[in-house]
Amino acid sequence: MRAVEEINGVVQTAVEAAVWAPSVHNTQPWSFAVSGDTISVRADPERRLPHQDPAGREMLISIGAAVYNVRLAVAALGYEPIVHLVPDADHPTLLATVRLGGRVDPDDLTRMLHAEIPRRRTHRGAFSDVVIPRNFTDALAVQAAQEGARFAAVRSEPMVEALAGVTRAAQEVQSLNRDYRLEVMRWARPPGSTRGDGVPADAYPRRPDRTEPHFPQRDYSRDRLWGYHRPATRTLPTSPGVVAVLTTAEDGQEDWLRAGQALQRVLLFASAYGVRAAFHTQALEIYHLREFVREELTQGEHPQMIMRLGVTEEDAGTLRRPLAEVVVTGQDEQD
Ligand SMILES: Cc1cc2nc3c(=O)[nH]c(=O)nc-3n(C[C@H](O)[C@H](O)[C@H](O)COP(=O)(O)O)c2cc1C
């Protein structure tokens with residue numbers, strides 16, 4: 001019989017790993033309920049973005065990424081993770097359960113990806129000129145495919161221009177819309193903030209980079225001179241890196257959870273080779289632009305994430321809420 005303490009230790013480590021998943025605006029829209037050898041992953045709908053993400057697509061991608069971390073930690077600690085994705089109209093907040101199965105020795109890939117969980121960071125700027133080779137993005141595509149999603153590096157210049165163009169259009173439209181602006185402001189943290197969620201002021205450069213073609217960042221600072229400082233003498237990078245799109249064949253809740261798992265697997269694999277990712281989901285938050293991307297650029301597949309990948313020496317800041325805030329005990333549980 002498995003010792004209760006050992007099971008508790010694995011489950012605790014898995015939840016600790018889960019929270020290091022990326023989430024839109026670092027909303028961390030999740031909670032975890034632990035019962036014996038099973039972790040239930042739930043949505044925290046209060047943390048959904050009502051204007052940017054009314055359907056909860058980005059919330060579920062974020063939660064999918066957290067589910068992947070749970071799976072990976074369980075596997076790295078020597079147990080088979082038995083995963084059940086459960087989007088269910090009767091239990092709208094319960095999204096997945098992960099149970100500890102039999103003992104299995106972790107393989108090298110599992111160990112490698114697991115080690116990257118605390119190292120992975122979102123980048124918000126240009127990349128150095130280091131070229132990301134085709135066989136590397138092919139390897140990322142294999143990782144995504146294992147999770148039921150498609151990762152496609154965009155190597156055609158006109159298509160990169162088109163994706164940059166829709167991103168700029170979306171950023172402009174969102175910056176003119178008060179509701180969107182307030183939503184970004186709500187999750188942007190001032191320097192010195194002690195909160196454990198939202199995008200901290202050391203997560204992006206004070207002066208936004210201009211990539212060529214230009215992929216604008218979200219405007220977390222809004223002229224308040226937040227952001228990290230770079231020495232004035234430094235030549236600013238301009239490369240967007242490799243642009244890539246993550247897509248799924250269908251577009252339901254389970255697909256979003258799968259996209260999130262695929263995303264996190266791709267990000268951890270990239271991180272293991274020193275490659276970081278920058279995200280641009282602005283265009284996917286506007287119905288007609290997302291449809292345009294789907295019809296014209298992703299061959300009818302549903303775009304779940306537009307990103308850029310590359311090499312940077314900069315390490316953006318990030319933070320998380322304490323575990324006590326995200327682990328619900330039996331009493332607090334509700335579906
Ligand atoms: C679904 C989703 C959408 C995101 N969209 C953006 C985005 O448009 N711009 C951006 O800078 N970061 C975006 N991010 C990254 C989050 O802001 C980031 O994961 C969060 O702040 C935590 O930081 P970390 O990834 O460095 O741990 C997105 C992440 C997810 C999961």
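**Notebook: cavities**

I started with helix α2 (residues 57-76), which contributes three residues to the lining of the largest cavity, the most of any element. A reminder to myself: this is a predicted model.

Next I asked how many cavities of 30 Å³ or more the structure holds. I found three.

**Entry on the largest cavity**

I looked up its volume, and the largest cavity comes to about 480 Å³. Its lining is made by 30 residues. Which of them lie nearest the centre? I noted Ser 23, His 25, Thr 122, Arg 124 and Phe 279.

I then sorted the lining by class: 13 residues of the largest cavity's lining are polar, 11 are nonpolar and six are charged.

I also wanted to know which domains supply this lining. Domain 1 (4-120 + 321-332) and domain 2 (134-310) each give at least three residues to the lining of the largest cavity.

**Entry on the second largest cavity**

Here I read off a volume of about 110 Å³ for the second largest cavity.

By class, I have four charged, four polar and two nonpolar residues around the second largest cavity.

Conventions
Residues numbered from 1 in each chain as written. Predicted model: local features only at pLDDT ≥ 70, side-chain atom pairs only at ≥ 80, totals over all residues. Heavy atoms only, no water. 1 Å grid on protein atoms, 1.4 Å probe; cavity = no way out; pocket = protein on both sides within 12 Å on 5 of 7 lines; lining within 4 Å. Points joined across faces, edges and corners; volume = space filled by probe spheres on them. Helix = DSSP H or I, 4+ residues; strand = E, 2+ residues; numbered from the N terminus. Nonpolar A, V, L, I, M, F, W, Y, C, P; charged D, E, K, R; others polar. Domains from an automatic or database assignment.
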